[in-house]
Amino acid sequence: MAFRILAFMDRVKALSNPRSTGEALHGDTLGMIWKYQVGDWHLVVSIKDTVLPIEVIEIDHRSTVYR
């Protein structure tokens with residue numbers, strides 16, 4: 001699974017806009033956090049346009065990632 005996640009992140013990294021895939025989390029404070037789904041795994045990321053393209057916050061199974 002790690003290879004699949006790394007391959008996915010390589011594809012996202014090549015995009016001119018990493019927000020063109022995935023979706024924002026809901027809520028006032030969570031709206032700045034983005035999620036991508038790779039199979040049964042969700043990647044919760046923070047996209048900072050001026051510092052680092054994407055910072056991975058957490059990778060976990062979709063049944064437990066938001067607890």
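Leaving aside its neighbours within four places in sequence, with which residues is V38 in contact? The residues are M1, R4, I5, F8 and L43, where contact means heavy atoms within 4.5 Å. The model is predicted: local features need pLDDT of at least 70 and side-chain atom pairs count only at pLDDT 80 or more, while totals for chains, interfaces and linings use all residues. Residues are numbered from 1 along each chain as its sequence is written, and side-chain values use heavy atoms, with hydrogens and water left out.

**The sheet**

Four strands form an open sheet in the order β1-β2-β3-β4, with antiparallel pairing. Strands (E, at least two residues) and helices (H or I, at least four) are DSSP runs, numbered from the N terminus; two strands pair if DSSP finds at least two bridges between them. The edge strands are β1 and β4 (55–61), each of which pairs on one side only.

| Strands | Bridges | Sense |
|---|---|---|
| β1 (residues 23–24) and β2 | two bridges | antiparallel |
| β2 and β3 (residues 41–46) | six bridges | antiparallel |
| β3 and β4 | six bridges | antiparallel |

E23 has K35 in β2 as its bridge partner. Q37 is partnered by H42 in β3, W34 stands opposite V45 in β3, and V38 stands opposite W41 in β3. For V44, the bridge partner in β4 is E58. Strands β2 and β3 also form a hairpin with two residues between them, and G39 in the turn has a positive phi of about 65°.

Five of the six residues of strand β2 (residues 33–38) are buried, so this strand is largely enclosed by the rest of the structure. Here buried means under 20% relative accessible area, exposed means over 50%, and partly exposed lies in between (1.4 Å probe, protein chains only). Strand β3 likewise has five of its six residues buried and is therefore largely enclosed by the rest of the structure.

**The helix and the core**

Helix α1 (residues 2–14) lies across β2, β3 and β4 and runs at about 125° to β2. Axes are lines fitted to C-alpha atoms, for helices over the stretch in contact, and angles run from 0 to 180 degrees between N-to-C directions.

In soluble globular proteins, nonpolar side chains tend to be buried together. The largest nonpolar core has 10 residues: I5, F8, M9, V12, W34, Y36, V38, L43, V45 and I47. Such a core is a set of buried Ala, Val, Leu, Ile, Met, Phe, Trp, Tyr and Cys residues joined through side-chain atoms within 4.5 Å. Each of α1, β2 and β3 supplies at least two residues of this core, and the largest share, four residues, comes from α1.

**The aromatic pair**

One aromatic pair is present in the structure. F8 and Y36 form this edge-to-face pair, at 5.4 Å centre to centre and 65° between the planes. Rings of Phe, Tyr and Trp (its six-membered ring) pair if their centres lie within 6.5 Å; planes under 30 degrees apart count as stacked, over 60 as edge-to-face and the rest as tilted. Because F8 lies in helix α1 and Y36 in strand β2, the pair ties together parts that are 28 residues apart in sequence. F8 is buried, with a relative accessible area of 12%, and Y36 counts as buried at 1% relative accessibility.
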